[in-house]
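Here is a short briefing to read with the model open beside you.

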Amino acid sequence: MKKLLSLPPNVVNSFHDVTRLSHDEYFCTSDPVGHKLGSGGGTAWLLEAARRDDAPEASFKEWLAKEKRVLLHAGGQSRRLPAYASSGKVLTPVPVFRWARGQKINQTLLDLQMPLYERILEKAPAGLRTLIASGDVYLRATEPLQDIPDADVVCYGLWADVEQASHHGVFMMSRENPDVLDFVLQKPSPEEQARLTAKRPTGCWRKRAWRASTTMTFTPISAVRSACTPLSTTPNWQS
């Protein structure tokens, strides 16, 4: 399972030397210097850069269907943690959790993030081959993963009240069909949510954009059906 990382430009050339991670397993690049691509553009850029590095002779569609991949966006400016801006969010050191097993004294956020994403892709139907996630959030699983629906795009979210959701991107689903994504809002006010939730439940992406804090898996074909499922995890930085 290949991992594709979008990192700050100054980290790309030194990432493998610093982490000792395999070039065969981890590919990294950055958005073009001086250009802001956004979540969607950054995803397309990362995928195409990985294809050119891995199989430049293959078509994009053929390459995308070849294997399962995890895409991790971690190229932000890290304004809230400036001490780690130069190394990238995924290399932020995280203390060992009390009574936790399998952790190590020099672990990073990347070490803690990846096992859950790998389990999601391993459990996903065969057609779901690419997972997109944020590089600045740690989600700790508290329950077994639910069955993953066989849709073109599967979105994971966390339930939230309207005040909390007003600071994040929000999934909206019809009460009559709560497993299918209706549309997405960016930082909707509590009043707007109250008006809409008369007909729809609200699910919250725990961050500012589509790629933040939760994950999306999708097939190598165009998205025509989107399924939405709660993520049975709790964001928690404490032991």
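Arg20 is exposed, with a relative accessible area of 71%; exposed means over 50%, buried under 20% and partly exposed in between, using a 1.4 Å probe and protein chains only. This is a predicted model, in which local features need pLDDT of at least 70 and side-chain atom pairs count only at pLDDT 80 or more, while totals for chains, interfaces and linings use all residues. Residues are numbered from 1 along each chain as its sequence is written, and side-chain values use heavy atoms, with hydrogens and water left out.

**Two loop residues with positive phi**

- Arg20 lies in the loop between helix 2 and strand 2; helices (H or I, at least four residues) and strands (E, at least two) are DSSP runs, numbered from the N terminus.
- The phi of Arg20 is near 65°, a positive value in a residue other than glycine.
- Lys187 also has a positive phi, about 50°, although it is not a glycine.
- You will find Lys187 in the loop between strand 8 and helix 7, where it is partly exposed with a relative accessible area of 43%.

**Aromatic pairs**

- The structure holds three aromatic pairs; rings of Phe, Tyr and Trp (its six-membered ring) pair if their centres lie within 6.5 Å, and planes under 30 degrees apart count as stacked, over 60 as edge-to-face and the rest as tilted.
- One of them joins Phe15 and Tyr26, whose ring centres are 6.3 Å apart with planes at 45°, so this pair is tilted.
- That pair links distant parts of the chain, with Phe15 in helix 2 (residues 15-19) and Tyr26 in strand 2 (residues 26-29), eleven residues apart.
- Phe15 and Tyr26 are both buried.
- Phe60 and Trp63 form another tilted pair, 6.1 Å centre to centre with 40° between the planes.
- Both of these residues belong to helix 4 (residues 60-64), where Phe60 and Trp63 are three residues apart, about one turn of the helix.
- An α-helix has 3.6 residues a turn, so residues three or four places apart point the same way.
- Phe60 is partly exposed at 32% relative accessible area, whereas Trp63 is buried at 2%.
- The charged end of Arg69 sits over the ring of Trp63, 3.7 Å from its centre; this label requires NZ of Lys or CZ of Arg within 6 Å of the ring centre and within 35 degrees of the ring normal.

**Strands and their partners**

- Strand 2 is covered on both faces, with Tyr26 and Cys28 buried on one side and Phe27 and Thr29 buried on the other.
- Strand 1 (residues 2-6) pairs with strand 2 in the parallel sense over four bridges; two strands pair if DSSP finds at least two bridges between them.
- Within this pairing, Leu5 stands opposite Cys28.
- Five of the five residues of strand 7 (residues 169-173) are buried, so strand 7 is largely enclosed by the rest of the structure.
- On one side of strand 7 are Gly169, Phe171 and Met173, and on the other are Val170 and Met172.
- Strand 7 pairs with strand 8 (residues 181-186) in the antiparallel sense over five bridges, and Gly169 stands opposite Gln186.

- Leu196 is in helix 7 (residues 190-196) and counts as buried at 11% relative accessibility.
- Leaving aside neighbours within four places in sequence, Leu196 is in contact (heavy atoms within 4.5 Å) with Met172, Phe183 and Leu185.
- Leu196 and Met172 are 24 residues apart in sequence and 8.4 Å apart in space, C-alpha to C-alpha.

- Thr108 is found in the loop between strand 3 (69-73) and helix 5 (109-123), and at 14% relative accessibility Thr108 counts as buried.
- Beyond its neighbours within four places in sequence, Thr108 is in contact with Val90, Leu91, Thr92, Pro93 and Val94.
- The buried residues of helix 5 include Leu109, Leu112, Leu116 and Ile120.

**The whole protein**

- The protein has seven helices and twelve strands.
- Buried residues make up 48% of its 239 residues.
- Of the contacts with a separation of 6 or more, 65% are between residues 24 or more positions apart.
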